[in-house]
Amino acid sequence: MPVLQIALIGEPRDKNSDYSGQGVGPQSSRLRPATAEQNGRANNFCRLQSNWMGRVGVVGYKLSVSLITYNQERFVRELLASVTGQECEFRWEVVVSDDASTDSTPEILREFQSRFPHLINLELRSKRVGMKKNLLDNLTRCRGEFIALCDGDDQWTDSSKLQQQVDFLESSPK
């Protein structure tokens, strides 16, 4: 069975965010495969292998951007603008799971989904399930060969970020 590779992207803008510090930081400003140590620590990702690995690339997506949110109205509009502004030469998707936010995050997500229905795959929960389950469910919906984890308070400043990072991963030995 192939090893599950998870790519980490982004830097948290709000250290007090509900999702801050989860696999992001200065060292993760480049997309890269997870190390064996990271996969070992992420027991839930390992459990996804039997359920999830068979679905990779089913419909020809090169990359899935995995985005989980909870009450991040202050940042999510700017993040989605930077994500949807990416210039990629491959098929990709943005898989968004909101964990029953009580602020205007769901409305902002709906707005972007209506503007980019071909790109954004949105799930809005009516009942809170917690970060762990929200992330795991989100990852099972991702269909790309590579997965980029992105938090609702991240910000991307380079419109060719994803293209450069996928090019790097494809040119690196497996």
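In this predicted model, Leu122 touches Val96, Leu109, Arg110, Gln113 and Arg141, leaving aside residues up to four places away in sequence. Leu122 is part of strand β4. Its relative accessibility is 16%, and because buried means under 20%, Leu122 counts as buried.

The largest nonpolar core holds 25 residues. Those with the most contacts inside this core are Leu63, Val65, Trp92, Val94, Val96, Ile120 and Leu162. Two or more residues each come from the strands β2 (61–69), β3 (92–98), β4 (120–124) and β5 (144–151), and also from the helices α3 (73–84), α4 (105–115) and α6 (161–171). Of these elements, α3 gives the most, with four residues.

When residues up to four places away in sequence are not counted, Trp92 touches Tyr61, Leu63, Val65, Val83, Gln86, Leu119 and Leu162. Another core, of seven residues, lies apart from the largest one, and its members include Ile68, Leu135, Ile147 and Leu149.

Attention can now turn to the helices, starting with α6. Lys161, Leu162, Gln163, Gln165, Val166 and Leu169 are buried in this helix. The partners against which the buried residues of α6 pack are β2, β3 and β5.

The helices α3 and α4 pack against each other as well, with an angle of about 15° between them and their axes 9 Å apart. Angles under 35 degrees count as roughly parallel, so α3 is roughly parallel to α4. The crossing in which α3 passes α4 is right-handed. On the α3 side, the contact is made by Glu73, Val76, Arg77, Leu80, Ala81 and Thr84. On the α4 side, Thr105, Ile108, Leu109, Glu111 and Phe112 take part. What kinds of residue make up the contact of α3 with α4? Six are nonpolar, two are polar and three are charged.

How values were computed
Residues are numbered from 1 along each chain as its sequence is written. This is a predicted model: local features need pLDDT of at least 70, side-chain atom pairs count only at pLDDT 80 or more; totals for chains, interfaces and linings use all residues. Side-chain values use heavy atoms; hydrogens and water are left out. A nonpolar core is a set of buried Ala, Val, Leu, Ile, Met, Phe, Trp, Tyr and Cys residues joined through side-chain atoms within 4.5 Å. Buried means under 20% relative accessible area, exposed over 50%, partly exposed in between (1.4 Å probe, protein chains only). Contact means heavy atoms within 4.5 Å. Axes are lines fitted to C-alpha atoms, for helices over the stretch in contact, and angles run from 0 to 180 degrees between N-to-C directions. Angles under 35 degrees count as roughly parallel, over 145 as roughly antiparallel, 65 to 115 as roughly perpendicular and the rest as oblique. A crossing is left-handed if the near helix is turned anticlockwise from the far one by less than a right angle, and right-handed if clockwise. Ala, Val, Leu, Ile, Met, Phe, Trp, Tyr, Cys and Pro count as nonpolar, Asp, Glu, Lys and Arg as charged, and the others, Gly among them, as polar.
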